[in-house]
Amino acid sequence: MQTCLFRLCPMGGGATRLYSALTPPLSSSPLPPPAVTNLDPAFCQEQKGAPVCPAELLRQCEEALRGRAPRFHRKFTQLQDGAGAPSSSIRVMQWNILAQALGEGLDSFVQCPPEALSWSRRKYLILEEILTYRPHILCLQEVDHYYDTLQPVLAGLGYSSNFCPKPWSPCLDVEGNNGPDGCALFYDESRFEFLDSVNLQLSAMRIPTNQVAVVTMLRCRSSGRCVCVAVTHLKARSGWEWLRSAQGSDLLRHLQALVQKHAHDSAGAQTLDIPLFICGDFNAIPTEEVYRRYAASPLGLDSAYKRLSEDGSTEPEYTTWKIRPTGECCATLDYIWYSRDTLRVDAVLDMPTEEQIGPNRLPSFSYPSDHLSLVCDFSFKEKE
């Protein structure tokens with residue numbers, strides 16, 4: 001992974017009264033944490049070193065958002081073959097949270113009031129969404145407030161994390177930006193032990209591109225089983241289908257190499273396959289080549305959100321719905337891929353209805369991003 005220098009400009013608030021209780025970023029970060037000067041002291045816990053109570057933080061978020069439009073009420077669909085005990089389930093969240101610089105600058109959401117795009121409001125909505133579902137594994141894209149908000153706040157809740165910025169982030173072209181956006185992977189330290197991690201600059205035909213991925217190997221503390229998690233964000237826009245396919249193939253190659261590296265016991269003998277989670281905004285609809293590559297991969301992948309459909313083989317109608325100057329975009333671009341031979345899907349969070357989303361679409365006063373979060377509960381299949 002090539003590192004790059006970037007300019008950091010304050011942009012609105014940041015992590016709140018929690019910052020003094022937070023641990024420093026992991027040494028595996030591709031860049032040293034910048035000198036953050038725009039922390040928001042109004043959102044902090046005063047007791048240093050004390051763990052943060054998720055329920056109290058959620059209450060603070062709800063209090064800060066008092067009087068706002070109602071949040072989306074989404075339910076989990078429990079699957080009939082989901083036999084895993086609740087205590088053993090692994091909850092995974094995938095979400096493109098919308099980079100602040102892009103939301104206020106380049107993305108031009110023409111039906112969204114500017115007040116709904118302010119960081120002083122969006123940060124509470126983002127944290128509220130995460131705290132509502134409390135994932136064990138959290139995969140985020142378009143993160144440009146990692147060091148001053150998400151990393152410290154979530155560290156106070158017991159999450160370790162890694163962040164990989166885009167080498168040439170479009171956020172840097174926006175005046176008053178907060179640094180480059182990138183992918184971030186968080187995991188609950190009480191549930192998982194860290195084994196290995198790598199930050200990738202994805203390539204196409206061996207040429208580095210602007211898209212990145214974070215790949216982390218974890219060991220489940222309760223079962224002792226390993227799992228490999230990847231988060232990525234592939235190239236956007238029509239006309240770049242070939243590049244997305246090449247980037248997706250590059251990520252699959254890296255995943256196979258990392259899994260093979262860890263798929264041996266202490267004596268060097270080959271062990272069972274290590275399950276995979278691959279989460280991301282693929283910027284690709286289900287008929288695109290990169291989707292077909294993942295569905296047919298020798299790694300044995302399946303898309304979890306197909307399980308919401310009656311036949312179990314159809315993706316949701318949308319994971320993003322927005323209105324830009326070029327028109328309305330309603331499409332399925334986001335996925336949670338998993339190893340179907342070693343993991344079982346126990347529950348899937350349903351999608352908000354068109355009525356809930358509203359005529360002005362996303363983002364809005366109710367929801368901070370133009371992409372909807374995906375949340376699934378998984379369990380390990382029994383070894384044969």
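I take contact to mean heavy atoms within 4.5 Å, and I take helices (H or I, at least four residues) and strands (E, at least two) as DSSP runs numbered from the N terminus.

**Entry 1, ground rules.** I note that this is a predicted model, in which local features need pLDDT of at least 70 and side-chain atom pairs count only at pLDDT 80 or more, while totals for chains, interfaces and linings use all residues. I number residues from 1 along each chain as its sequence is written, and my side-chain values use heavy atoms, with hydrogens and water left out.

I find seven helices and 15 strands in the protein. Of its 384 residues, 59% count as buried, where buried means under 20% relative accessible area, exposed over 50% and partly exposed in between, with a 1.4 Å probe and protein chains only. Among contacts between residues at least 6 apart in sequence, 79% join residues at least 24 apart.

I looked up helix 4 (residues 146-155) and found 10 of its 10 residues buried, so it is largely enclosed by the rest of the structure. Its covering includes helix 1 (54-64), helix 3, strand 3 (137-143), strand 4 (159-165) and strand 5 (182-188).

Strand 2 (residues 90-96) runs parallel to strand 3 and is joined to it by five bridges, with M93 standing opposite L138. Strand 5 pairs with strand 3 in the antiparallel sense, also over five bridges, and there the bridge partner of L138 is F186.

I define a nonpolar core as a set of buried Ala, Val, Leu, Ile, Met, Phe, Trp, Tyr and Cys residues joined through side-chain atoms within 4.5 Å. The largest one has 69 residues, and those with the most contacts inside it are I137, F186, F277 and F378. Helix 3 (residues 119-133) gives the most to this core, with eight residues. A second, separate core of 26 residues includes L200, M217, L255 and L301. Returning to I137, and leaving aside its neighbours within four places in sequence, I list among its contacts I90, M93, F186, L218 and F277.

On a 1 Å grid over the protein atoms alone, I call a cavity a set of points where a 1.4 Å probe fits but cannot get out, and a pocket an open set with protein on both sides within 12 Å along at least five of seven lines, with lining residues having an atom within 4 Å of a point. Searching the whole structure, I find one cavity of 30 Å³ or more. The largest cavity has a volume of about 50 Å³, and R71, F72, L125, E128, E129, S366, Y367 and P368 line it.

**Entry 7, the largest pocket.** This pocket has a volume of about 870 Å³. Of the 36 residues that line it, the closest to its centre are K235, A236, R237, N283 and R324. Strand 12 (327-331) is one of the elements that give two or more residues to the lining, and its four residues are the largest share.

Four of the five residues of strand 11 are buried. Strand 11 and strand 12 pair in the antiparallel sense over five bridges, a hairpin of two residues joins them, and K322 stands opposite C329 in strand 12.

Conventions
Grid points are joined across faces, edges and corners, and a volume is the space filled by probe spheres set on the points. Two strands pair if DSSP finds at least two bridges between them.
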